[in-house]
Amino acid sequence: MLYQLYYLSGEKGVIKIHKENIKIDWGIITRLLKVSAGNIGQFLISTASWLFMARIIVTFGSAAFAGYQFAIRVIIFTILPSWGMANAAATLVGQNLGAQKPERAEQSVWKAGFLNMVFLGLISITFYFVSDPIMRIFSSNEEVIRYGAQCLKIVAFGYVFYGYGMVIVQSFNGAGDTRTPTILNLFGYWLFQIPLAYLLAVQFGLGPSAVFWAIAIAESVMAVVAIVIFRQGKWKGVKI
């Protein structure tokens, strides 16, 4: 941030900001806070849900919990490029809506979603064939490796849907419609994923694999619902 301030205030940058250009605009600040509230809610909902999923997993022993934690961190690492594409799609949506070109905004989302789907599809194939070697990087315990590899393989089944879903959700945010993805996260994680994981894993006694399947199923369902809502086009008329 300090480097950016130095660059913008200097004479080398294409964009230059001077002291006389800086002023506090409480109207814009208020609108930014309102828009960001939805993003904050989305983050809190999803993060808290993962804590509850971990609580379910830990009931099956330390090996299952360790394997799950290793696998989730690998998954998060591999989807970082996808977040880049999703954020790029959100930027394109905002820019095109601002330019009064909603159709071009929609085309940007579908193209980014397709590319993201292909990328995560390749990652899922990789996970299916080399999940064991990946887990062996983090642990030599065979039971931990087994649970972690199982988690990677099962969760990866939802990657194709997730590739589209994460782009769609970020596109809602880019359009200024933070309410829709917040509600989607609330229902998808708290009212579907967590109850499904508990029901299958604990009540039906299917074990940790049921938790992994609950993640894949919930993410896939959320992606499909997000696509259906996105196709309705109401996000095009959101005003910030």
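Author: Terms, then. Helices (H or I, at least four residues) and strands (E, at least two) are DSSP runs, numbered from the N terminus. The expected span of a helix is 1.5 Å times one less than its number of residues.

Reader: And where do the coordinates come from?

Author: This is a predicted model, where local features need pLDDT of at least 70, side-chain atom pairs count only at pLDDT 80 or more, and totals for chains, interfaces and linings use all residues. Residues are numbered from 1 along each chain as its sequence is written, and side-chain values use heavy atoms, with hydrogens and water left out.

Reader: How many helices and strands does the protein chain have?

Author: Nine helices and zero strands. Read from the N terminus, the order is α-α-α-α-α-α-α-α-α.

Reader: What does the C-alpha trace span along its principal axes?

Author: About 65 × 40 × 30 Å.

Reader: What share of the residues count as buried?

Author: 43% of the 240 residues. Buried means under 20% relative accessible area, exposed over 50%, partly exposed in between (1.4 Å probe, protein chains only).

Reader: Now H3. What length does H3 reach?

Author: H3 covers residues 62-78, 17 residues in total. From first C-alpha to last it reaches 24 Å, close to the 24 Å expected at 1.5 Å a residue.

Reader: Which residues in H3 are buried?

Author: Ala63, Ala64, Gly67, Tyr68, Gln69, Ala71, Ile72, Val74, Ile75 and Thr78.

Reader: Which helices do the buried residues of H3 pack against?

Author: They pack against H2 (26-58), H4 (80-98), H5 (102-136), H6 (142-155), H7 (159-174) and H9 (208-232).

Reader: Zoom in on H3 and H6. At what angle do the axes cross?

Author: Roughly 45 degrees, with the axes coming within 7 Å. Axes are lines fitted to C-alpha atoms, for helices over the stretch in contact, and angles run from 0 to 180 degrees between N-to-C directions. H3 and H6 are therefore oblique to each other. The cut-offs: angles under 35 degrees count as roughly parallel, over 145 as roughly antiparallel, 65 to 115 as roughly perpendicular and the rest as oblique.

Reader: Is the crossing of H3 and H6 left-handed or right-handed?

Author: Right-handed. A crossing is left-handed if the near helix is turned anticlockwise from the far one by less than a right angle, and right-handed if clockwise. On the H3 side the contact includes Ala63, Phe70 and Ile75, and on the H6 side Glu143, Tyr147 and Leu152 are among the residues. By class the contact has 13 nonpolar, two polar and one charged. Ala, Val, Leu, Ile, Met, Phe, Trp, Tyr, Cys and Pro count as nonpolar, Asp, Glu, Lys and Arg as charged, and the others, Gly among them, as polar.

Reader: Is Glu143 buried or partly exposed?

Author: Partly exposed, at 39% relative accessibility. Glu143 sits in H6. Its C-alpha is 28 Å from that of Ser220, 77 residues apart along the chain.

Reader: Switching to H4 and H7. How do the axes cross?

Author: At roughly 35 degrees, coming within 8 Å. The crossing is right-handed. H4 contributes residues including Trp83, Asn87 and Val93, while Tyr162, Met166 and Gln170 are among those from H7. The H4 and H7 contact has eight nonpolar, six polar and no charged residues.

Reader: Why call H7 largely enclosed by the rest of the structure?

Author: Because 13 of the 16 residues of H7 are buried. Just after H7, Gly176 takes a positive phi of about 95 degrees.

Reader: What does Phe172 touch?

Author: Beyond residues up to four places away in sequence, Phe172 touches Asp177, Thr178, Thr180, Pro181, Ala226, Ile229, Phe230 and Trp235. Phe172 lies in H7 and counts as buried, at 1% relative accessibility.

Terms used. Contact means heavy atoms within 4.5 Å.
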